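Biologist: I have the sequence and the coordinates open. Can you walk me through the fold and the charged pairs?

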Amino acid sequence: MLTAEHVRRPDGLLARALVASPRAAAFGPWDEDRYASPSNATCPRFNALLDSVHVEGVNALTQDWRGAVSFVLPNFHELDKTLDILERDDSGAALVVPEWPFRAWWRRLHSAAWVRRVAARKFVSGAALTPNAQDCFCGSRFTTRLLISRIRAVGSRAETV
């Protein structure tokens, strides 16, 4: 039977070393981990893929993110949806993404529309993410650099240009 303990960080990666690093600490604190499980949550409040005793919400993509600052290490194929939620709910986050400049979400994150949302950025080694299973999509090591961005809420979504 599949339980929440079996479903770890999206894409088979653990973020313990990343969260413990001084570079990542500069992007906190955060109140809620949006893509976690009971065994790897970076703070007491977290969303998970499956329900469990300590899970605050199931499926981060269906939760209301307003009023919280989130740690966000999403499934990489859901990054466009994640950026949509950050805009829709005008929420703050420590967002961790791989350096994939040819992806549409990467260009969006670096666009003029996001300039006032991004308070800080820093690249860190991909080795800060640890594969938690032999069948992880990246093998035994994640080698792509990671970008950590501090996303801030910008106020009313009804602003006009």
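This is a predicted model: local features need pLDDT of at least 70, side-chain atom pairs count only at pLDDT 80 or more; totals for chains, interfaces and linings use all residues.

Biologist: Fine. In what order do the strands of the open sheet come?

Modeller: The order is β4-β3-β2-β5-β6-β9-β7, seven strands with mixed pairing. Strands here are DSSP runs of E with at least two residues, helices are runs of H or I with at least four, and both are numbered from the N terminus. Two strands pair if DSSP finds at least two bridges between them.

Biologist: Which strands stand at the edges?

Modeller: β4 (57-58) and β7 (118-124). Each has a single partner strand, so one side of each is left without a neighbour in the sheet.

Biologist: How do β2 and β5 run, parallel or antiparallel?

Modeller: Parallel. Two bridges join β2 (residues 32-36) to β5 (residues 69-72). Glu32 has Ser70 in β5 as its bridge partner.

Biologist: What packs on the sheet?

Modeller: Helix α3 (residues 79-88) does, touching β2, β5, β6 (92-98) and β9 (146-151). Contact means heavy atoms within 4.5 Å. The direction of α3 makes about 165° with that of β6. Axes are lines fitted to C-alpha atoms, for helices over the stretch in contact, and angles run from 0 to 180 degrees between N-to-C directions.

Biologist: Switching to charges. How many salt bridges does the structure hold?

Modeller: There are 10. The cut-off is a side-chain nitrogen of Lys or Arg within 4 Å of a carboxyl oxygen of Asp or Glu.

Biologist: Where does Arg45 sit, and where is Glu56?

Modeller: Arg45 is in strand β3 (residues 45-48), and Glu56 is in the loop between β3 and β4, 11 residues apart. Their side chains meet in a salt bridge at 2.9 Å, N to O. Arg45 is partly exposed at 34% relative accessible area, and Glu56 is partly exposed at 43%. Buried means under 20%, exposed over 50%, partly exposed in between, with a 1.4 Å probe and protein chains only.

Biologist: Which residues are linked in a network of salt bridges?

Modeller: Glu32, Arg34, Arg45 and Glu56.

Biologist: What does Arg108 form a salt bridge with?

Modeller: Asp80, with the closest N and O atoms 3.9 Å apart. Arg108 lies in helix α4 (residues 104-109) and Asp80 in helix α3, so the pair ties together parts that are 28 residues apart in sequence.

Biologist: And Asp90 with Arg117: buried or exposed?

Modeller: Both are buried. Their side chains meet in a salt bridge at 3.3 Å, N to O. Asp90 is in the loop between α3 and β6, and Arg117 is in the loop between α4 and β7, 27 residues apart.

Biologist: New topic. How far apart are Ser125 and Arg145?

Modeller: They are 20 residues apart in sequence and 4.9 Å apart in space, C-alpha to C-alpha. Ser125 lies in the loop between β7 and β8 (130-131).

Biologist: Last one. How many helices and strands does the protein have?

Modeller: Four helices and nine strands. From the N terminus on, they run β-α-α-β-β-β-β-α-β-α-β-β-β. Of the 161 residues, 47% are buried.

Terms used. Residues are numbered from 1 along each chain as its sequence is written. Side-chain values use heavy atoms; hydrogens and water are left out.
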